[in-house]
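Colleague: I'm new to this one and would like a guided tour. Could you show me how to read its features?

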Amino acid sequence: MKINFHFLLFIILLSSHAFSQKTNKGKPNFVVIFTDDQGYADLSCFGGDHVYTPNIDKMATEGAKLTSFYVAAPLCTPSRAALMTGSYPARVDMAVGVDFPVLLAGDSKGLNPDEVTMAEVLKSAGYKTGMFGKWHLGDQPEFLPTRQGFDEFFGLPYSHDIHPFHTNQKKYNFPSLPLLEGETVIEMDPDADYLTQRITERAVGFIEKNKGGPFFLYVPHPIPHRPIHVSPSFMDGVPDEIIEALKNEDNGVDYKTRDKIYTNAISEIDWSVGQILGALKKHGLDENTLVIFTSDNGPSKGLATPLRGKKGSTFEGGMRMPTVVRWPEKSPWPR
């Protein structure tokens, strides 16, 4: 059974309207965890023996694996536009950026505020809406998440490699990377090693603050998009020579060395999922919360085995994602 984000959006909207006449307490919560450039085989429950993902594996055991789940495009911006709007990227003019396949810093394009997003629909049904992570649907004020239905936003306006340390910086001349709280820049060039951790902390805080529900939580992690970053607590087992090489980046980014900590990045993402699921359980919300874990497109550095293709390719490796869903109270998913 092939499922794409248009179907996902349909399910969410249908569910929200089905509960729209009930008290807020009776409405389901929705959590979408959306990683960046994670391959089909980059979960142990999808056959990956190079990664260790016990929390996501448990989520699959308690819910279901969707083994034929397709995104609408094999790149960041168009895939995210499809998720937010339920439309094919070309229909909302998000198939490409102005001068590049995805949006870049200062791009004049962005998701048109007139488009109706998933967050806007759920907000109109009485939901609190929060997004913590990477947006990549326009960095100008009129395109930001807070103008597209999200009550809260903490994160990056685009990919974390759109920064002065890009491998082709001489061509692009990217500015410093901004970290936003709402529409305000609170840091420049934040330490990307801590992005997964900080995003997770904000996601858990949002659950705690809105435990009375209903809420929609969107967690689009910037990782494992290259350059790969991992917090120090997840560097256990990394060879000393790699750790030393990363200490000597000299205000640059050693992409090739960072590629070698890919599995550590996946472990930290799995930890993040465990933190979010744990917060739901702590507050008695896990039975009535639909949690979806998936990726925006195929891998740049990970594995899509046994599929052909990767990020940027319309072969299945670029568009068929490792996807796990959990909603114990309803369990509508095929096993």
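Modeller: Let's begin with pockets. On a 1 Å grid over the protein atoms alone, a pocket is an open set of points with protein on both sides within 12 Å along at least five of seven lines, and lining residues have an atom within 4 Å of a point. This is a predicted model, where local features need pLDDT of at least 70 and side-chain atom pairs count only at pLDDT 80 or more, while totals for chains, interfaces and linings use all residues. Residues are numbered from 1 along each chain as its sequence is written, and side-chain values use heavy atoms, with hydrogens and water left out.

Colleague: Which residues lie nearest the centre of the largest pocket?

Modeller: Those are Phe100, Asp161, His166, His225 and Lys311, out of a lining of 22 residues. The space in this pocket is about 430 Å³; a volume is the space filled by probe spheres set on the grid points, which are joined across faces, edges and corners. For classes, Ala, Val, Leu, Ile, Met, Phe, Trp, Tyr, Cys and Pro count as nonpolar, Asp, Glu, Lys and Arg as charged, and the others, Gly among them, as polar. On that basis the lining splits into eleven nonpolar, six polar and five charged residues.

Colleague: What about the second largest pocket, and what is its volume?

Modeller: About 260 Å³. Its lining has 15 residues, with Phe165, Pro190, Ala192, His229 and Val253 nearest the centre. By class, that lining holds five nonpolar, five polar and five charged residues.

Colleague: Now helices. How many residues of α3 are buried?

Modeller: Two terms before the answer. Helices (H or I, at least four residues) and strands (E, at least two) are DSSP runs, numbered from the N terminus. Buried means under 20% relative accessible area, exposed means over 50%, and partly exposed is in between, with a 1.4 Å probe and protein chains only. Helix α3 covers residues 76-85, and ten of its ten residues are buried. Among them are Cys76, Arg80 and Met84.

Colleague: And what follows α3?

Modeller: Glycine 86, with a positive phi near 75°. That glycine sits in the loop between α3 and α4. Its relative accessible area is 23%, so glycine 86 counts as partly exposed. From glycine 86 to threonine 117 is 31 residues in sequence but 7.9 Å in space, C-alpha to C-alpha.

Colleague: How do I read two helices that pack together?

Modeller: Two packed helices are described by the angle between their axes and the distance between the axes. Axes here are lines fitted to C-alpha atoms, for helices over the stretch in contact, with angles from 0 to 180 degrees between N-to-C directions. Take α2 (residues 54-62) and α9 (residues 262-282): their axes come within 7 Å and cross at roughly 55°. That makes the pair oblique; angles under 35 degrees count as roughly parallel, over 145 as roughly antiparallel, 65 to 115 as roughly perpendicular and the rest as oblique. Contact means heavy atoms within 4.5 Å. On the α2 side, Pro54, Asn55, Ile56 and Met59 make the contact, and on the α9 side Asp270, Trp271, Val273, Gly274 and Leu277 do. By class, that gives six nonpolar, two polar and one charged residues.

Colleague: What should I look for in the backbone?

Modeller: Most residues other than glycine have a negative phi, and most peptide bonds are trans. Here the bond from isoleucine 223 to proline 224 is cis, with omega near 15°, and so is the one from arginine 226 to proline 227, with omega near -5°. Proline 224 is in the loop between β8 (215-220) and α7 (240-247), and proline 227 also lies between β8 and α7.

Colleague: Which non-glycine residues have a positive phi?

Modeller: Aspartate 93 is one, at about 55°, in the loop between α3 and α4 (118-124). Histidine 136 is another, at about 65°, in the loop between β4 (128-134) and β5 (152-156). With 1% relative accessibility, histidine 136 counts as buried.

Colleague: Is lysine 134 buried or exposed?

Modeller: Buried, at 0% relative accessibility. Lysine 134 belongs to strand β4. Leaving out residues up to four places away in sequence, lysine 134 touches several others, including Asp36, Cys76, Arg80 and His225.

Definitions and conventions:
On a 1 Å grid over the protein atoms alone, a cavity is a set of points where a 1.4 Å probe fits but cannot get out, and a pocket is an open set with protein on both sides within 12 Å along at least five of seven lines; lining residues have an atom within 4 Å of a point.
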